Amino acid sequence: MSRSHAGTGPGGHRARKRFGQNFLHDEHIIQRIIDALSPAAGEQLVEIGPGRGALTRHLVDSGADLQAIELDRDLAGYLQSLYHHNPHFTLHQGDVLKFDFATLGETPGSLRVIGNLPYNISTPCLFHLLGYRHLIRDMLFMLQREVVNRMAAAPGEKDYGRLSIMLQYHCRIEPLFEVPPGAFSPPPRVTSAIVRLVPLQQPREPALDEALFATVVRHAFSQRRKTLKNALQGLITPESPLDWPVDPGQRPERLEVSDFVRISNALTRQERKQ
């Protein structure tokens, strides 16, 4: 996780900066994470970036079926050597951003995802997982504290933005506790935090066109200082004016998630009339 300094792991493995590796070693923090997940026999778990296996050993011991996704070939080999004999452990060596979670099963809400997400891919990984949200019961992640703050931010707060809106549209966000740099080897230069995401079976206020909803949110926050009307000029033109469901003179960071849904739905209805 995060940018790392020199450090060695199993078999002399050195933390690799290009993979953003920082390895969790604090047993108290490890147990708090396991307690927060509370894995049980028969559940289908997915661990992203198991690294040296600090959490893996507890997940395997729970009796759950564990699918581990690890990019680093050396660490993947190390984990395979430890757990190849366990029928409940399966290792996938590869990039989580390219991983097809649908290959793990088709039952809605069957997957429980956990991981120490590398800071350099945390946001792309979260958006990738949203594409499989119908398969996921819940997700428990270690992330940079600032990222968790952005995920859980409310309208009007400085951290509120595109990530807040897109994740809150699809999930219930529950920040749990912080993790200090000293819990890792090597220690990162930032504080981490644990957060739980629970995909909603149905958004509180559904968008008629979720792709357009995402486009509206992206445009709105492309230049935060602009008013909503100016930020969405590329979508709303004088030739095709919008019957605004909110005050277009507001700044995007003041609007609720539902406000963006209402704007995108107004655009969708307008397009369908044309």
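Here are some questions and answers on a predicted model.

Colleague: Is Glu43 buried or exposed?

Modeller: Glu43 is found in the loop between helix 1 (27-37) and strand 2 (44-48). Buried means under 20% relative accessible area. Glu43 has 15% relative accessibility, so Glu43 counts as buried.

Colleague: Which backbone nitrogen does the side chain of Glu43 reach?

Modeller: Leaving aside neighbours within four places in sequence, Glu43 is in contact with Ser38, Ala64, Asp65, Arg112 and Arg137. A polar contact needs N or O atoms within 3.5 Å. At 3.0 Å, the side chain of Glu43 reaches the backbone nitrogen of Ala40.

Colleague: How do the rings of Phe99 and Phe101 meet: stacked or edge-to-face?

Modeller: Phe99 and Phe101 are both buried. Their ring centres lie 5.0 Å apart. Planes over 60 degrees apart count as edge-to-face. The planes here stand at 80°, so the pair is edge-to-face.

Colleague: How many residues apart in sequence are the parts that Tyr169 and Phe213 tie together?

Modeller: Tyr169 and Phe213 form a tilted aromatic pair, 4.6 Å centre to centre with 40° between the planes. Tyr169 counts as buried at 2% relative accessibility, and Phe213 does at 0%. Tyr169 lies in helix 6 and Phe213 in helix 7 (residues 210-220), so the pair ties together parts that are apart in sequence by 44 residues.

Colleague: Which ring has Arg32 over its face?

Modeller: A charge sits over a ring if CZ of Arg is within 6 Å of the ring centre and within 35 degrees of the ring normal. Arg32 lies 3.8 Å from the ring centre, over the face of Phe177.

Key:
Residues numbered from 1 in each chain as written. Predicted model: local features only at pLDDT ≥ 70, side-chain atom pairs only at ≥ 80, totals over all residues. Heavy atoms only, no water. Helix = DSSP H or I, 4+ residues; strand = E, 2+ residues; numbered from the N terminus. Buried < 20%, exposed > 50% of the residue type's maximum accessible area, 1.4 Å probe, protein only. Polar contact = N/O pair within 3.5 Å; in protein donor to acceptor, adjacent residues only side chain to side chain. Contact = heavy atoms within 4.5 Å. Phe/Tyr/Trp six-rings, centres within 6.5 Å; stacked < 30°, edge-to-face > 60°.
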